[in-house]
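I opened this one with a notebook beside me and wrote down what I looked up, in the order I got to it. Here are the entries.

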Amino acid sequence: MLKVGRLIKDSPVRWDAAYKVFMGACETARPRYYEEFLENNIPVPTPQQEGGDVRVLSIASGSGEADSVILKKIMQSRSSVYNRVVEPSREMLRDFKAMVQQDTSLSAVKFDWRQQSAEEYFSDSDGTKFDLAHAVQALYFMDDHHATLQNMWEQLADGGHLFALLVSDERGMGKLYREVWKWFPHGNDRLTTCLRTSSDVTRSLESSGISYVIAEDEHDINLAECYKEDSEAGRLLLDFMTQTSNVYAHPKMRSAVLEYFLRHSSSVDG
Ligand SMILES: C[S@@+](CC[C@H](N)C(=O)[O-])C[C@H]1O[C@@H](n2cnc3c(N)ncnc32)[C@H](O)[C@@H]1O
């Protein structure tokens, strides 16, 4: 049965493989896009006490690519950083720790590893306050993105910053999420799936009276692999782009999505 927008719940192993293919497809299309966007937009917090640690809460760190950029940016102007990492995947945490061991520019950061989901973490809070709480490409996967944002907000120290990065519903992948839901609705609440976009977050912040600023950029994804009949990488990429398991086995959805790509692509690799 076609369960739109539930790839990570239906098949975490396939989601993991699809995520790696997706990251590769972004990197070949526009190297260092994520790094540049984060470097330019992440707020650099001030510690609560002069000379004390800047305290960072990372929700859904994955294998640490975004954390690494954020921490290095903070370290340019702050000498002492504490990073609490909340990530449920053992494999992602293992890769993150390996990266930290190899990258000497992160050796001054105090890491506090929590192998937990955000839901588990917030249900047992120790009251620590943070100068920055971030969720980079992550609010799609929480049971309830609104509750996660609320919890992150409540853990901020005075003057602390909340940073969330998601796809925009105006274009690209986020627009595709909205289209896919229109074509193949599955139940009546899109927000119970991973097909969430930036306006779901801004709506949530507004309903809580939290003011915000928006930064936007466009990035390219090399989708050529999706058009190769027997390419497993192409199938995984198609699944990641729609957050849906085995799109390949559903010809109607596959052709609708491939057609959507063609209509919105600047060029197609032959
Ligand atoms: C797309 S990755 C983002 C990784 C990282 N923030 C980055 O941008 O490099 C999403 C991450 O969310 C994690 N995740 C999924 N469900 C979660 C949950 N309920 N709580 C916390 N993290 C979760 C996944 O294990 C995965 O590592």
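**Entry: asparagine 246.** I went to asparagine 246 and found it in the loop between α10 and α11 (251–264). I was working on a predicted model throughout. The phi of asparagine 246 is positive, about 55°, although the residue is not a glycine.

**Entry: glutamine 137.** Next I looked up another positive phi. Glutamine 137, also a residue other than glycine, has phi near 50°. I placed glutamine 137 in the loop between β4 and α7 (145–154). Glutamine 137 has 16 C-beta neighbours inside 10 Å, so I noted it as partly exposed.

**Entry: α2 against α10.** Then I turned to a helix pair. Helix α2 covers residues 12–29 and helix α10 covers residues 232–242; their axes are 8 Å apart and the packing angle is about 95°. That angle makes α2 roughly perpendicular to α10. Which residues meet there? From α2 I listed Arg14, Ala17, Ala18, Tyr19, Val21, Phe22 and Ala25, and from α10 Ala233, Leu236, Leu237, Asp239 and Phe240. Sorted by class, this contact of α2 with α10 has ten nonpolar residues, no polar ones and two charged ones.

**Entry: the two domains.** I checked the domain assignment of the protein chain. Domain 1 is made of 1–30 + 166–196 + 214–265, and domain 2 is 31–165. Taken over C-alpha atoms, the centres of domain 1 and domain 2 are 26 Å apart. Ten residues from domain 1 and eleven residues from domain 2 take part in the contact. On the side of domain 1 that touches domain 2, I sorted the residues into five nonpolar, one polar and four charged.

**Entry: around the ligand.** How many residues are around the ligand, and which come nearest? There are 18, and the nearest are Ala60, Gly62, Ser117, Ala118 and Phe141. By class, I wrote down ten nonpolar, five polar and three charged residues for this shell. Two helices, α4 (65–75) and α6 (118–122), each supply at least two residues of the shell.

**Entry: inside α4.** Which residues of α4 are buried? I found Ala66, Asp67, Ser68, Ile70, Leu71 and Ile74. The cover over these buried residues of α4 includes α3 (33–41), β1 (54–59), β2 (81–86), α5 and β4 (130–136).

**Entry: arginine 90.** From there I moved to α5, the helix of residues 90–102, where arginine 90 is found. Arginine 90 is exposed, as I counted 9 other C-beta atoms within 10 Å of it. I also took the C-alpha separation between arginine 90 and arginine 114: 10 Å, for residues 24 apart along the chain.

**Entry: serine 199.** My last stop was serine 199, which sits in helix α9 (residues 198–207). I put serine 199 down as partly exposed, with 14 C-beta neighbours inside 10 Å. Between the C-alpha atoms of serine 199 and lysine 110 I noted 34 Å, with the two residues 89 apart along the chain.

Definitions and conventions: Residues numbered from 1 in each chain as written. Predicted model: local features only at pLDDT ≥ 70, side-chain atom pairs only at ≥ 80, totals over all residues. Near = placed C-beta within 6 Å. Helix = DSSP H or I, 4+ residues; strand = E, 2+ residues; numbered from the N terminus. Nonpolar A, V, L, I, M, F, W, Y, C, P; charged D, E, K, R; others polar. Domains from an automatic or database assignment. Contact = placed C-beta atoms within 7 Å. Axes fitted to C-alpha atoms, helices over the stretch in contact; angles between N-to-C directions. Parallel < 35°, antiparallel > 145°, perpendicular 65-115°, else oblique. Buried ≥ 20, exposed ≤ 12 C-beta atoms within 10 Å, placed from the backbone.
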